[in-house]
Amino acid sequence: MKLRAHNSAFCRACFLFFFQRRVGRAIDHEKMFDRSSRILVAVSGGKDSLALWDVLANEGYQTVGFHLALGIGGYSQRSRERCESFAEKHGLDLRVHSLADEKLAIPDIVSATRRPACSACGTIKRHYFDAAALELGCDVIATGHNLDDEAARLLGNVLHWQLPHLARQRPVLEPTHPRFVRKVKPLFRVTEYEAAIYAFLRGIDYVVDECPNAVGATQLVYKDMLNRLEAESPGSKLTFLQDFLQRAQPVLPAASADGPPQTCTQCGMPAFGDVCGYCRLVREAETKRERRLAAGAA
Ligand code: AMP
Ligand code: ZN
């Protein structure tokens, strides 16, 4: 394994050690959690989040896996199966919540509201991750966002000078409401490629295909651009993100423009306004669905 960004080459054993140590150092250095924490690991069935769960479980952290079954056809079916077989193989606790059971499958929400799939899906995921952490008594939510994800997000935020988003783009987000828990990204310093190698070497069976809704997403264009930059100048992805976090992020105003959230009058979760984004989305889907049914019947 040759890693040009680190100017190093590794054998199998050394790579596994390198990867685990890099994740472990990010956890300790950023004070993400410790051995007494109960961690909700959001697992999608992809390489990153399963690699993360593998590292945390091997290091003896207390984890509960959480998978949200999104109802996106065969892709979601395969994703769920990968999470379930990983949990079974390693004797780990996995909770699955199925959106289709509540008639909230992503394709249904998208066709009812005509909202962009990724934004609707993001709102729904955030709600269920927060609710699951609360219900399962977890102190922290860990996601598998890697360096490629974070660098691409940074590029997008910089290109559009999204200052409130830049102010919140950190590997650790402290809760701003009593019903929120801390959110962390322990893989923020490892690349997508490194996570894939780790998963492969550890024999983790993961979903290889991208979400069908992500095809053509701008995020993928940014990732591609950063990969081209990385090929010319190894290490630039890491430097871009790291220098932002060390030098630019601290001088951005800490509070987002919205201020701290209130409480949703419908579901009791944090909300900007009376009703949270999730409840607004669900209500919009229901109203529009009923309106179409009524129009169809008339
Ligand atoms: P994505 O937004 O698909 O790039 O995923 C980012 C991270 O969110 C993943 O690494 C997982 O930790 C988490 N995640 C995404 N989709 C799901 C899901 N359906 N269920 C649980 N966690 C998920
Ligand atoms: Zn709500």
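This is a predicted model: local features need pLDDT of at least 70, side-chain atom pairs count only at pLDDT 80 or more; totals for chains, interfaces and linings use all residues.
1. Residues are numbered from 1 along each chain as its sequence is written, chains are lettered from A and ligands numbered from 1 in the order in which they are written, and side-chain values use heavy atoms, with hydrogens and water left out.

2. Helix H9 (residues 218-232) packs against helix H10 (residues 236-248) at an angle of about 115°, their axes lying 8 Å apart, which makes H9 roughly perpendicular to H10 (a term for angles of 65 to 115 degrees). Leu-226, Asn-227, Leu-229 and Glu-230 of H9 meet Ser-236, Lys-237 and Phe-240 of H10, where contact means heavy atoms within 4.5 Å. By class, three nonpolar, two polar and two charged residues take part in this contact.

3. There are two cavities of 30 Å³ or more in the structure, a cavity being a set of points on a 1 Å grid over the protein atoms alone where a 1.4 Å probe fits but cannot get out, with lining residues having an atom within 4 Å of a point. The largest cavity has a volume of about 60 Å³, and its lining includes Ala-5, His-6, Arg-22, Leu-147, Glu-230 and Lys-237. The lining of this largest cavity divides into three nonpolar, three polar and five charged residues.

4. The second largest cavity holds about 40 Å³ of space and is lined by Glu-150, Gln-169, Arg-170, Pro-171, Lys-185, Phe-188, Leu-241 and Leu-245. Its lining residues divide into four nonpolar, one polar and three charged.

5. Asp-48 has its place in helix H2 (residues 47-58) and counts as buried because its relative accessibility is 13%, buried meaning under 20% relative accessible area with a 1.4 Å probe and protein chains only. Leaving aside neighbours within four places in sequence, Asp-48 is in contact with Gly-144, Asn-146, Leu-187, Glu-192 and Ala-195.

6. Val-190, found in the loop between strand S8 (182-184) and helix H8 (192-201), counts as buried at 1% relative accessibility. Val-190 and His-145 are 45 residues apart in sequence, and 9.3 Å separates them in space, C-alpha to C-alpha.

Definitions and conventions. Axes are lines fitted to C-alpha atoms, for helices over the stretch in contact, and angles run from 0 to 180 degrees between N-to-C directions. Helices (H or I, at least four residues) and strands (E, at least two) are DSSP runs, numbered from the N terminus. Angles under 35 degrees count as roughly parallel, over 145 as roughly antiparallel, 65 to 115 as roughly perpendicular and the rest as oblique. Ala, Val, Leu, Ile, Met, Phe, Trp, Tyr, Cys and Pro count as nonpolar, Asp, Glu, Lys and Arg as charged, and the others, Gly among them, as polar. On a 1 Å grid over the protein atoms alone, a cavity is a set of points where a 1.4 Å probe fits but cannot get out, and a pocket is an open set with protein on both sides within 12 Å along at least five of seven lines; lining residues have an atom within 4 Å of a point. Grid points are joined across faces, edges and corners, and a volume is the space filled by probe spheres set on the points. Buried means under 20% relative accessible area, exposed over 50%, partly exposed in between (1.4 Å probe, protein chains only).
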